[in-house]
Amino acid sequence: MKKHTLAMVGFGGMAGWHYDLIEKLDNLSVAGIWDIKEQRREYARSRQIHVYESQEALLADEQVDLVLVATPNDVHKSIAIEAMKAGKNVISEKPVTLCSADLQEMINASKQYGRFLTVHQNRRWDEDFLTVKRLMEEGTLGEVFRLESRVHGSRGIPGDWRQEAEHGGGMVLDWGVHLLDQALMFFPGVKLKRVYATLTNVTNQLVDDGFTADLGFANGIHMIVEVGTSNFISLPRWYVLGTDGTAMIEDWGENLKIVRACGADEEDVVPVRTAAGLTKTMAPRREDSIFTEERPEEKSDICDFYRNVMAVLEGREESLIKLEEVARVMRLMEAIFESAQKQQVIYFEK
Ligand code: NAD
């Protein structure tokens, strides 16, 4: 008998991923699912997964102590609140909901019904992110002054509801929520002072199909966060600039590359000659004036997300995903939309 029992509302692509992950855990089992689409219910049955008759039947099941909400974004709030009202603890998929006011309602419900509410910010376990975080903590690059985080695809917005505003579609809410959460995790006690953002509508006019956000932190670090879905050539996943060197991770699963000055004399720089002129400023470094290093990415185990949720329920640990962090990301996403709409820098309170 496993200690905790979870049921899923919404059984689409992501819920299937959760199902496979939970199978690896010792103390969590899945009691069943509910989805509004018969085709998805049929699919669950074909995998011998119990299908409830309705959401109400799922919430009435006394053996269930945890509900995963894995529906389109616009219905996370109502389902999570219903679940907490029925006495269940809740994991909501990201983005937790569509705006700060809605999130506050969810937080209020969590307090009112005394239930645990958390959000599946799984990309905190991304190995490339953890590698860059470690690099920043080590100070290998001297003083970091600029950090760039990007994900680029070339197929526009996938699926159906992700292309529609009423379901909480668009790339700020879909991918931005991950990258912005990571961005704010780099500097926990440091205030974000300002943001300037532009959105793209290359393949979709109803919601953003990409964005670039320029973040200014109180510690002077300037960060670019970008999501693109019409990029047939991708820029590096991470690019970090410090006073002593530069680091880059080209793509998921790839090594961290670091190039640092080694203090050798660089007096006799050979200029680069182009058809129309010459430059010493932009000339590449001589090989004997730099160290080049490659490191494999840090290792992580995404099962730790669920292990932490169970430890919170048992009173053994604090939640790794704090609702105030989720709220901060939500305010940042709102500021990104405001900045793009007004074409202005948005300043955060002191
Ligand atoms: P999907 O379209 O594949 O699945 C959503 C399912 O929810 C569908 O089967 C749909 O029929 C069902 N549904 C819709 N409204 C419902 C309702 N009121 N009650 C019950 N079922 C309902 O979408 P997806 O890709 O699985 O995304 C689901 C959620 O997971 C979204 O919030 C998305 O942002 C999130 N997601 C997170 C990650 C991640 O890495 N954390 C990755 C992908 C998706």
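Reply: Two strands are said to pair if DSSP finds at least two bridges between them. Helices (H or I, at least four residues) and strands (E, at least two) are DSSP runs, numbered from the N terminus. This is a predicted model, in which local features need pLDDT of at least 70, side-chain atom pairs count only at pLDDT 80 or more, and totals for chains, interfaces and linings use all residues. Residues are numbered from 1 along each chain as its sequence is written.

Me: What makes β7 and β8 a pair?

Reply: Strand β7 (residues 192-200) and strand β8 (residues 210-217) share 8 bridges, again in the antiparallel sense. One facing couple is A197 and, in β8, A213.

Me: What makes β2 and β5 edge strands?

Reply: An open sheet is formed by 5 strands, in the order β2-β1-β3-β4-β5, with parallel pairing. β2 (28-34) and β5 (117-119) each have a single partner strand, so one side of each is left without a neighbour in the sheet. Neighbouring strands of this sheet are turned by 25° against each other on average, direction ignored. Such angles run from 0 to 180 degrees between N-to-C directions, and the axes are lines fitted to C-alpha atoms, for helices over the stretch in contact. Inside the sheet, β3 (residues 66-69) and β4 (residues 89-92) run parallel and are joined by 4 bridges. V67 faces V90 in β4.

Me: Why is S234 put in its class?

Reply: S234 has 14 C-beta neighbours inside 10 Å, so S234 counts as partly exposed. S234 lies in the loop between β9 and β10 (238-242). G189 is 45 residues from S234 in sequence and 32 Å from S234 in space, C-alpha to C-alpha.

Me: How do you know that α4 is largely enclosed?

Reply: Helix α4 (residues 76-85) has 10 residues, and 7 of them are buried, so the helix is largely enclosed by the rest of the structure. The buried ones are H76, K77, I79, A80, I81, A83 and M84. These residues pack against β1 (4-9), α3 (55-60), β3, β4, α5 (100-113) and β5. G87 follows α4, and its phi is positive, near 90°. For the whole protein chain, buried residues make up 35% of the 350 residues.

Me: What makes a residue part of the shell around the ligand, and how many are there?

Reply: The test is a C-beta atom, placed from the backbone, within 6 Å of the molecule. 23 residues surround the ligand, and the closest are G10, G12, G13, M14 and E93. Helix α1 (residues 13-22) gives the most to this shell, with 3 residues.

Me: What classes of residue make up that shell?

Reply: The shell has 9 nonpolar, 8 polar and 6 charged residues. Ala, Val, Leu, Ile, Met, Phe, Trp, Tyr, Cys and Pro count as nonpolar, Asp, Glu, Lys and Arg as charged, and the others, Gly among them, as polar.

Me: Which residues does UniProt give to the domain "Gfo/Idh/MocA-like oxidoreductase N-terminal"?

Reply: The unreviewed UniProt entry places this domain at residues 6-119. UniProt positions are given in the numbering used here, feature names are shortened, and annotations may be inferred rather than shown by experiment. The span is 43% helix and 19% strand, with its end C-alpha atoms 15 Å apart. The UniProt entry, unreviewed, also places the domain "GFO/IDH/MocA-like oxidoreductase" at residues 129-247. Residues 129-247 are 22% helix and 34% strand.

Conventions. A residue is buried if 20 or more other C-beta atoms lie within 10 Å of its own, exposed if 12 or fewer, and partly exposed in between; C-beta atoms are placed from the backbone. Two residues are in contact if their C-beta atoms, placed from the backbone, lie within 7 Å.
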